Amino acid sequence: MSVVTRNGSLTGQALAKAPTGIQGLDEITGGGLPRGRPTLVCGAAGCGKTLLAMEFLVRGAIEFDEPGVFMSFEETSEELAQNVASLGFDLEELERERKLVLDYVHIEPSEIEETGEFDLEGMFIRLNHAIDSVGAKRVVLDTIETLFGGFENDIVLRAELRRLFRWLKDRGVTAVITGERGEGTLTRQGIEEYVSDCVILLDHRVNEQLSTRRLRIVKYRGAAHGTNEYPFIIDTAGISVLPITSIGLNHVASEERISTGVERIDAMLGGKGLYRGSTVLISGTAGTGKTSLAANFANASCQRNERCLYLAFEESESQFVRNMGSIGLNLGRWTKNGLLRVSATRPTELGLEGHLTSVHRHVMDFRPRLVVVDPLTNFLKAGRQVEAEAMLARLIDFLKVEQITGVFTSLIHSSGAFEDTEVGVSSLIDVWIMLRDIELGGERNRGMNVLKSRGMAHSNQVREFLLTDHGIELRDVYVGPEGVLTGSMRLAQESREHAAAVTRRQDVERRRRKLERKRETLEAQVALQRAQFEAEAEELNILLKQQELAGDRLELDRKNMAESRKADGGSEYASRAPRNKGSKGERK
Amino acid sequence: MTHYPDDPKTLDQLSASGANSDMNRWQLRLYVAGKTAKSVAALENLKRICEHHLPGQYEIEVVDLLVHPQLAKGDQIVAIPTLVRKLPQPIRKVIGDLSNVDRALVGLQLRPAKS
């Protein structure tokens, strides 16, 4: 099998292609069906063969100016016109404009008797005439195998079919031949052996009550093509094939940062918020506020005047808008002015590829800068694990290439490990915000942390996540010797701490006062002792004075006595004499 | 080349002769594409059968689709040659060169009528 990624110019030279105009199919085939050659489209009943063929013709006529001939062996022209009218194809108008010819070939076996040699020249002539009448470049034969029911002579029929495909090639028309899938063969009558250039197989499977349509290019001679099975859907815009797996990892990473809508979460994400075009996963158990947080992202996007697509799988638009009103988000104004589109669908409404295509359509049509899928888990219920992961990878790839920021919520079960998401998506996710229940002291509180965030320094701390009537608030949780506390336990702990602080403050105050008192006492004692000391000193002074006075008197008395005795004073008395002269004099 | 898809005039002309004929009137139309061996054989076989079974009450028209390709759609012609019994009703179709006379008679519902 050849590989998808091959140089486009190489294939272009190798084989001219006729674009189908069908979304996605041209990507897989590298430009369309082989020009001027027949292509076999086969599949079981109801898998969309006729529609694919019709869309190929109608788009060819409208978009590529290549008129077409639709030769139907099963449905009348009127039936065909009615069938595709719901897709907006007006076949009658196209016929009037001579861009399309519908030719219904009716074969009624009961009316026909084979009486000898014959050929299908009549059909050739009709086809030739139809092609000539509008200058058709494209031809559809739907379903030519019906002929086998109409004629008994298979040998003639097979020879004629071989001739027909040869003839179509010679005419240079790009033909699509549809065939009913047979047992063990691509078509019931094995006509794939006549059509060797391109074979497309359509498949319609039902898995767990959900149908998925798939398309695979079985063969494409002379051209590289995608060999995978590609899911496709049929809706009001026709067929869309999703060749998203062909997208490589070569998207451009934006440097631009955008806000999450919650300031403190921005702060946790390196202070600037998310990178544009990154993929955010918000996971958490039931009721942890995933939708509320996702709605904040949406609100922030609308505030930046950027369109946001919100895919709700659990709530209707009005319920969603109402509920978000309760946390202070007025989303109604965004839905009114067209910045926010809420697409609410049941996850089981469509198969996986249906959801993917619908996202694709919405994105192409609405051109949002932010897409929210809420919740991813429901989205992925619509299929098996492997398919779900593949589909999610496609979705994320697609959003990345379009530079659209993707926000996904994911419900996890509290019984499992916190980091265990339902789908192994973690490797695809750039920013993973985890919301969790913290059950403590008889109450549940919400905690939030950033599990990972590529390309930026992010906070590793758990925050308490509060939903208030004016929005989301983040609080630092109490982390102390008693562990992580939240909610009223946090409040209680905080008040306990507050009380302890007050007590400590009071204690200090008391000690200070005590010390003060001590100082005062000490000072009083010091003052007292000083007073005593001074009193003693005073006393001593008095005593000294008294003693001096007493000494003077003694001397005076002695002098007086000596004078009275007329005694010689001697040197001792003579030297003192001047001092006492006054007194002596006074006493004279 | 005439207009597509149908040229009502031609069809009217073709069926005009049989429009008011009685039940015994057989109107047969043989579609061929050019003068191929099969076409020639078919016409010869048809004439022989008619002369034998329906002397004097039949009418054969030969439509060459190479000349009037638009007529193929009206009678839902796929195989060539195709003989269409326009009258008596209902319409019957016999394909092939009519070399198998028995089958041709069954196809034209001449056999039960004859026996």
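Predicted model: local features only at pLDDT ≥ 70, side-chain atom pairs only at ≥ 80, totals over all residues.
The contact between the two chains draws 22 residues from chain A and 31 residues from chain B. On the side of chain B that touches chain A, the elements giving two or more residues are α3 (71-74), β4 (92-95) and α4 (101-107). By residue class, this side of chain B comprises 18 nonpolar, seven polar and six charged residues.

Strand pairing also crosses from one chain to the other. In general, the strands of a sheet pair through backbone hydrogen bonds, in either a parallel or an antiparallel sense. Here, strand β6 of chain A, residues 112-114, runs parallel to β4(B) and is joined to that strand by three bridges. Within this pairing, A:E113 has B:V94 as its bridge partner in β4(B).

Within chain A, the strands β4 (residues 68-72) and β5 run parallel and are joined by five bridges. The bridge partner of A:S72 in β5(A) is A:Y104. Strand β5 of chain A, residues 100-104, is mostly covered, with four of its five residues buried.

Strand β7 of chain A, residues 138-142, contains A:V139. Is this residue buried or exposed? A:V139 is buried, because 23 other C-beta atoms lie within 10 Å, whereas the criterion for burial is 20 or more. When neighbours within four places in sequence are left aside, the contacts of A:V139 are A:G68, A:V69, A:L127, A:I131, A:L168, A:V173 and A:A175. One of these contacts, A:V173, is 34 residues from A:V139 along the chain, and the C-alpha atoms of the two are separated by 6.5 Å.

Further along chain A, nine strands form an open sheet with mixed pairing, in the order β17-β16-β18-β19-β15-β20-β21-β22-β23. Its edge strands, β17 (340-344) and β23 (471-476), each pair on one side only. From one strand to the next, the twist averages 25 degrees. An antiparallel pairing in chain A is that of β21 (residues 443-453) with β22 (residues 463-468), which extends over two bridges. In that pairing, A:M448 has A:R463 as its bridge partner in β22(A).

Terms used
Residues numbered from 1 in each chain as written. Chains lettered and ligands numbered in written order. Contact = placed C-beta atoms within 7 Å. Nonpolar A, V, L, I, M, F, W, Y, C, P; charged D, E, K, R; others polar. Pairing = 2+ DSSP bridges. Axes fitted to C-alpha atoms, helices over the stretch in contact; angles between N-to-C directions. Buried ≥ 20, exposed ≤ 12 C-beta atoms within 10 Å, placed from the backbone.
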